[in-house]
Amino acid sequence: MNISEHTAQAHADKTVGEPLVKNAKMSMRGVNVFYADKQAIYGVDLDIGRNEVIAMIGPSGCGKSTFLRCLNRMNDTIDICRVEGKLMLENQDIYDPSLDVVPLRARVGMVFQKPNPFPKSIYDNVAYGPRIHGLASRRTELDEIVETSLRKAGLWDEVKDRLHGPGTGLSGGQQQRLCIARTIAVSPEVILMDEPCSALDPIATAKIEELIAELSENYTIAIVTHSMQQAARVSHRTAYFHLGKLIEVNDTEKVFTNPDHDLTEAYITGRFG
Amino acid sequence: MDKLHLDRHISRQFNVELEALRTQLLEMGGLVEQQVTDAVASIESGDTALAEKVIVNEDRVDDFEIELDEQATLVLARRQPAASDLRLVLAVIKAVRDLERIGDEAQKVAKMAIALSGEGANRRGATELRHIGASVLTMMNQGLDAFARFDAEAALRVVEADESVDREYKTAIREMVTYMMEDPREISRVMNVLWALRALERIGDHVRNICEHVVYLVRGLDIRHISLDEAEAKILNQ
Amino acid sequence: MTSAESTIEKVNKNLARRYRAEQRFRLYGILSVLFGLSCLVVLFTDIIGKGYKGFVSTEIYLTVDLSSDDLGISDPEVENAFMQADFEGAIKRALYARLDVTDRRAKRALNALISSGASYALRDQVKRQPELLDSSHGFWLLADDDVDTWYKSVDSKSPFTGRLSDEQLTWLQTLDFSGELRTALNTTFFTSGDSREPEMAGIMGAALGSFFTVLVTLLLSFPIGVAAAVYLEEYAPKNRWTDLIEVNINNLAAVPSIIFGLLGLAIFINFFEMPRSIPLVGGLVLTLMTLPTIIISSRAAIKAVPPSIREAALGLGASKMQMVMHHVLPLAMPGMLTGAIIGMAQALGETAPLLMIGMVAFVVDLPGGVMDAATALPVQIFLWADSPERAFVEKTSAAIMVLLGFLFLMNALAVWLRRRLERRW
């Protein structure tokens, strides 16, 4: 198969596998995304189950990050970006024009590729979300939220003695866990992770992956990753995107041992080119 | 999916490694097939020299096993193969084990050939041996062929053939029991024939295992421990 | 390798040439830097060489009889008693007595040696210390500018005599021999406004004028510039209109400053009928002029805030305004302040637009606020450079030194603020 064959196939096929689940936390139907006149996502139907970790994989430019950023309307910041289709968070239409994105983003948090702590203290980083949303009325309450969040992110023991030191003074992996703590401080229901380990070394990566496994007990997690091994390790289901189309969604074991689609197979076994 | 595109990886070195794994396995299969052929021939003809050769060559089969296991481990460690690549490596690891067992069984047959050659010209059971030997050899040949061509349908046909070998084996056993009842002096000789028949039947089972690995490798389906009809239905449903 | 020379041989052959080219290249750079530095050194030696004398003035020692009757002070407690007192006469009498002059013509020549401002200084001192009245005391009194110029050059081969007559020079030499001439720190220069008499002229008026003008400029242009930059960077849609605005802002930065002066004259003075020569109008005009600089530098500072920080804030559910106020502005502040201070330095050194709105007037009084007529430091320099008196040359250079000092301070402040406020991420 060469690239043009891949392309033809990608445009001809409907998503294979099981993109829809019962009792979904988020469900997306017929999602099209355009950057100005260029279409980036073509008719994606996908459900994200409750408390599941879904990994989105695919070659660069396949639209997986774009799709992820639709889920909490981070694409709103790009003027030329236009989203079509129905995206639901439980019973809430995410793209309802009357919906305020502020509470939406409190429900659907996001962790980014590059660890991006604010140039403030560790405490202030974690406390920022609760402060702007007014989640804590008293100082002690805020202290408690900060501690619980840092504990959940597995960072408490490492930073409890320097809560008022700068967040940027931590190592890369610690910074990323700080960002995760910051995100869970506003107790979201869904956490979106956009290649959270791509800037980290393998040990820090392993810690984050362990954290994802723990978090999946209480949160629904959608993670975009370039590392297929990571998708295989952390996720329950895996979605494969190719040239803006959702090619295949299946249980992770299935995708990594016997994928249904040739394109998925070609991608995860390293056969493009 | 009938083709695995082993030569399409971005990493050419990976292509080479997988291809080496496959050819080495087929080479080992060729050697084991030769062992079985020689063993069956020796028991039919009473050629002890041939039987000795089989026993000696068993060491080469063992060497192959060690060598292939090592290579498969290296590929696992270095490439973390996924999907069809992972299935190929797994199938090779398992097939190597079955081939080595087949080698052992061939050695047993050869030993029986030596034992039988010392016991006079009365060759009761020779027909059964020849018959089942021929069937097992055909299975072996077709099974390795299915592996070489990654052909799941051919593999399934070999699995079918094993069922008929099993039936033939049961018939032959009854025959042998009759012989032993007719002439108790023959019991020890017929027991040797029985051992040889049993070894051949086991070879058939191992070939069947190999073919099941081929189906897993090509289709990603596990058809072990289910009936042939169920296996066929599973493959058709895919 | 089929050729006779191997690659490494070829490389070695060219190596010397490459090193020479490299050195030549470095030499050009060093020469450019040296050229710039030498120009600076020439400029500074010239200004400082001329200007340092501007900070000192020549004084004459006289014993003045401060009898109340002669001065015409009947009761020191009465208001205006000192205002009407004849200190000038007392000084003149002291001068005649010191040099034994009786001839009227000689008296006039002698009077010209003392500055007309000396009597005011004496009056102020006596007013502060009324116990000095009715006794004789020695005072150092400010000499006239011609005396000042002569005395500062008296040690050179050809002292500058200017309008001084031989008779006056003889007197001065007499005084000099007996140690009754000295140079002292010129406090007048730092504390008073402009004057027709060079020895009486100071830069305080101009400095205050500049201060008020720059204050108005800062208070107006920084908030407006930052607000405009935030809107353009964070809120404005990217379309043809915002492109047009952007191009125009960039063009505005390149408009000659005199045009802004004309604009200010037309709008603020002719249309809004504001008074001429006041720092408020000057500040408004300079605001127009520095706005593009501040907007451009603020936009650059906002752009330099990493997008990851914005995303982090938005991803947590911060509104756009919270994102801007909590994260973008604090991070962009050092850059914005630097831009603003550089804009202010530019405004401080600006002359042309101020000429247009009348801040070139001769203002003796110190301005007390933004509505008082004033002039500005660079304009004062321009005025003094234009004056015929020889003594103004050193005043001009001294004023330039003061202006440069202020600019240097502002730039240092910009660097310090940047170091202080900059947070690393």
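These legends walk through several close-up views of a predicted three-chain model.

Residues count from 1 along each chain as its sequence is written, and chains are lettered from A, with ligands numbered from 1, in the order in which they are written. Since this is a predicted model, local features need pLDDT of at least 70 and side-chain atom pairs count only at pLDDT 80 or more, while totals for chains, interfaces and linings use all residues.

**View 1. Helix H8 of chain A and its buried face.** H8(A) runs over residues 202–215; helices here are DSSP runs of H or I with at least four residues, strands are runs of E with at least two, and both are numbered from the N terminus. Its 14 residues reach 20 Å from first C-alpha to last, close to the 20 Å expected at 1.5 Å a residue (the expected span is 1.5 Å times one less than the number of residues). A:Thr205, A:Ile208, A:Leu211, A:Ile212 and A:Leu215 are buried (20 or more other C-beta atoms within 10 Å; exposed is 12 or fewer, partly exposed is in between, and C-beta atoms are placed from the backbone). Seen down the helix axis, those buried residues fall within an arc of 120°, so they line one face of H8(A) (the arc is that of the directions from the helix axis to the C-beta atoms). Over on the other side, A:Pro202, A:Ile203 and A:Glu214 are exposed. The cover on the buried residues includes strands S4 (53–57), S8 (190–194) and S9 (220–224), plus helices H7 (172–184) and H9 (228–234), of chain A.

**View 2. A:Lys245 in strand S11 of chain A.** The strand covers residues 245–251. Is A:Lys245 buried or exposed? A:Lys245 counts as buried because 23 other C-beta atoms lie within 10 Å. A:Cys62 is 183 residues away along the chain, yet the two C-alpha atoms are separated by 7.5 Å.

**View 3. Where chain A meets chain B.** Here 14 residues of chain A are in contact with 15 residues of chain B (contact means C-beta atoms, placed from the backbone, within 7 Å). On the chain A side, H9, H10 (252–257) and H11 (262–268) each give two or more residues. H11(A) brings the largest share, three residues.

**View 4. Where chain A meets chain C.** This contact takes 21 residues from chain A and 18 from chain C. On the chain C side, helices H14 (307–315) and H15 (320–348) each supply at least two residues, and H14(C) gives the most, with six. Of the two pairs of chains in contact, A and C share the most contacts. Chains B and C have no contact, and their closest C-alpha atoms lie 29 Å apart.

**View 5. Two annotated stretches of chain B.** An unreviewed UniProt entry puts "domain: PhoU" on residues 25–112 and 129–214 of chain B; such annotations may be inferred rather than shown by experiment, and feature names are shortened, with positions in the numbering used here. Residues 25–112 are 94% helix and 0% strand, with end C-alpha atoms 27 Å apart. For residues 129–214 the figures are 93% helix, 0% strand and 28 Å. The mean pLDDT of chain B is 88, and 97% of its residues reach 70 or more (pLDDT is the predictor's confidence in each residue, from 0 to 100).
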